[in-house]
Amino acid sequence: MTKFTLSRRSHAILSLAVLGPCALYLGGCASKPGPKAEMAVANAAVQRASTTGTSEDAAVQLQVATGKLASARQAMASKDFERAKQLAEQAQVDAQVAELHAQSERSRKAAQESQDAARVLRDEINRNTAR
């Protein structure tokens with residue numbers, strides 16, 4: 001009968017070979033960190049969009065973005081990090097949509113004002129030439 005003995009070095013290598021993957025597996029099972037970056041970006045996007053002009057010209061879109069950000073915060077508090085990340089990303093996009101919609105509305109108003117001014121000017125020119 002042969003006796004099997006391990007040197008200290010062999011024992012350490014064997015321990016690392018067995019325990020190393022176990023530690024990595026257990027570390028992977030630990031709770032995932034919250035989507036802090038996504039939350040920060042969404043918060044900044046909603047704040048940037050929350051201007052007087054956007055509140056007036058894209059109130060519905062801004063309200064949607066604000067609501068999704070609030071829901072993302074609730075999901076974070078509930079430790080539902082996947083849902084929080086999704087909602088934060090959606091809030092960011094919705095805030096950008098609100099900004100773009102407000103810009104579009106301001107451009108439309110400016111174009112209408114220009115057309116009105118051109119019409120008034122044409123009418124004035126026509127009156128002066130008729131005299």
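The crossing of α4 and α5 is left-handed. Please bear in mind throughout that this is a predicted model. The axes of these two helices, α4 and α5, come within 8 Å and cross at roughly 165°. Angles over 145 degrees count as roughly antiparallel, and α4 and α5 are therefore roughly antiparallel to each other. On the α4 side, the residues in contact include Q61, L62, V64, A65, K68 and L69. On the α5 side, they include F81, R83, A84, L87, A88 and H101.

Let me place this pair in the whole chain. The protein chain has 5 helices and 0 strands, giving the pattern α-α-α-α-α along the sequence. Of its 131 residues, 19% are buried. The accessible surface amounts to about 9800 Å², and carbon and sulfur atoms supply 58% of that area. Among contacts with a separation of 6 or more, 73% join residues 24 or more positions apart.

The crossing of α2 and α5 is left-handed. From α2, the residues E38, M39, V41, A42, A45, V46, R48 and A49 take part, and they meet A84, K85, A88, E89, A91, Q92, A95 and E99 of α5.

How do α2 and α4 pack? Their axes are 10 Å apart, at an angle of about 155°. The helices α2 and α4 are therefore roughly antiparallel to each other, and their crossing is left-handed. In this contact, M39, A42, N43, V46 and A49 of α2 meet L62, A65, T66, L69, A72, R73 and M76 of α4.

Next, the core. Which residues of the largest nonpolar core touch the most other members? They are M39, A42, V46, L69, A72, A88 and A95, in a core of 16 residues. The elements contributing two or more residues to this core are α2 (36-49), α4 (59-77) and α5 (81-130). Of these, α5 provides the largest share, with 6 residues.

I will close with two individual residues. The first, T66, lies in helix α4. Its relative accessibility is 37%, and T66 therefore counts as partly exposed. T66 and N43 are 23 residues apart in sequence, and their C-alpha atoms are 8.9 Å apart in space. T66 and N43 are also both among the residues in the contact between α2 and α4.

Is K79 buried or exposed? With a relative accessibility of 63%, K79 counts as exposed. Its backbone also deserves a remark. Most residues other than glycine have a negative phi. K79 is not a glycine, yet it has a positive phi of about 65°.

Thank you for your attention.

Definitions and conventions. Residues are numbered from 1 along each chain as its sequence is written. This is a predicted model: local features need pLDDT of at least 70, side-chain atom pairs count only at pLDDT 80 or more; totals for chains, interfaces and linings use all residues. Side-chain values use heavy atoms; hydrogens and water are left out. Helices (H or I, at least four residues) and strands (E, at least two) are DSSP runs, numbered from the N terminus. Buried means under 20% relative accessible area, exposed over 50%, partly exposed in between (1.4 Å probe, protein chains only). Contact means heavy atoms within 4.5 Å. Accessible areas come from the Shrake-Rupley method with a 1.4 Å probe; for residues, only the protein chains shown count as cover. A nonpolar core is a set of buried Ala, Val, Leu, Ile, Met, Phe, Trp, Tyr and Cys residues joined through side-chain atoms within 4.5 Å. Axes are lines fitted to C-alpha atoms, for helices over the stretch in contact, and angles run from 0 to 180 degrees between N-to-C directions. Angles under 35 degrees count as roughly parallel, over 145 as roughly antiparallel, 65 to 115 as roughly perpendicular and the rest as oblique. A crossing is left-handed if the near helix is turned anticlockwise from the far one by less than a right angle, and right-handed if clockwise.
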